[in-house]
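Please examine the sequence and the model before reading on.

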Amino acid sequence: KQWYQRRVRGIISLIGVSVLCTVSMICLVQCKRRLCQTHTSNLSYSDVVLLLLGRRWSVVLDCVITAFQFGAVIIYFVFVSENITPFLSSKMSPSTTRLAWMGFIAPFYISLSWIRSMKYVGIISFFAEICILAGLALSSVIGCVQISEDTVPGLALNVKIAPPWRTLPLMFGMAAFAFEGAGVVIPTESSMKQPEKFNKVLVFVLVCATFMYIAFGVLLYLAFGPQTGLSTGQITENLEQFANHRADKAFWHFIQSLVRFCLVAGIGMSVTVQLIVVLDIFEKELFKPGRLSTNNIYWKENIIRGFVTLIGLALAASGLSFGHMVSLTGAFSGTLMQFIFPCACYLKCFEGELSTVYKIAVWGMAVVGGIFGALATYVTLVEIFS
């Protein structure tokens, strides 16, 4: 009964974050639509903040977006590294193994960073999504088999819940990272043939995403209980554990290797989408008039892109935890992008038009997001340094 009650609380908390994110993104789009009545229709998130809050806060937002996107790049690199290392020699020391995978994949990612056209990035992203869906489907099959047969003895349906006050901040940071979409909702809405239907589409997409997060998380936690994620916080470790306990090990080791391959390929290719945003911001700032010369700009951009990619790989190879990086990025940058700035813009844009109830609701959303974001950042940093 206690497990059931706390699991329900966790699900309700995740739904709550999803609702808050949905409302904040709708508020941001409404600000953009109001500004488009007197300005150009081709406005970005930064433009909205610039027009409503001023240049100083627009610069702050650009820094936050850069931190979030670059954090996402590092997170994806960490995931790739932690799932490639099992295929490298077990005789290597951990530091040597990390350097080995970094050297192995660096040329590939530097080459991907040179892609400038969203047309090709879109193709890569499409194949990445197929790989991720395949990996999730196979993981779910293994989870169902583990629940029904208890292949790894004593884990199926054997759940232990940590105190809610410890897990809630970390959950908030991860949820803020998972649902963050404030940076893309404005260009997405602008590119639609029928932008008036954007709100309905947004709600439908986030309802589907929330259901998938809950279903996948509950299924695999029921399968592997307190050992879910083991040391790295990734389900791929449990899949190997499952395969080792099967009588037909060869088949299930092939399946778990296939899952790793699909997820590594999918998430690894998704880096391109995150990286292109970071690189565009860097290049926009570096090649402003009076800064770097635009002579031979193509090769200068390639050098910058390669250098930024290497920095991301180096940080990922330093031993950062996947779970902690997700929580920290979502708690700090995600909270600012998803709750604080949209609420501030909405209050400024519709100043004098909102009822007292609406003002309290918007302020409440900003305060709740800010408090939980700060708490999640603090708890994550404590865990990292401890």
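## Terms and basis

A salt bridge is a side-chain nitrogen of Lys or Arg within 4 Å of a carboxyl oxygen of Asp or Glu. Side chains of opposite charge can pair when their charged atoms come close.

The model is predicted: local features need pLDDT of at least 70, side-chain atom pairs count only at pLDDT 80 or more, and totals for chains, interfaces and linings use all residues. Residues are numbered from 1 along each chain as its sequence is written, and side-chain values use heavy atoms, with hydrogens and water left out.

## Confidence

The chain has a mean pLDDT (the predictor's confidence in each residue, from 0 to 100) of 80, and 87% of its residues reach 70 or more. Helices are DSSP runs (H or I, at least four residues), numbered from the N terminus. Confidence is highest in helix H2 (residues 45-53), at a mean of 90, and lowest in helix H4 (residues 94-113), at 74.

## Salt bridges of Glu189

The structure holds six salt bridges. One of them joins Glu189 to Lys32 (2.9 Å, N to O). Glu189 lies in helix H7 (residues 182-191) and Lys32 in helix H1 (residues 2-36), so this pair ties together parts 157 residues apart in sequence.

Arg33 also meets Glu189 in a salt bridge, at 3.0 Å, N to O. Glu189 counts as buried (under 20% relative accessible area; exposed is over 50%, partly exposed in between; 1.4 Å probe, protein chains only) because its relative accessibility is 3%. Arg33, at 29%, counts as partly exposed.

Terms used: Helices (H or I, at least four residues) and strands (E, at least two) are DSSP runs, numbered from the N terminus.
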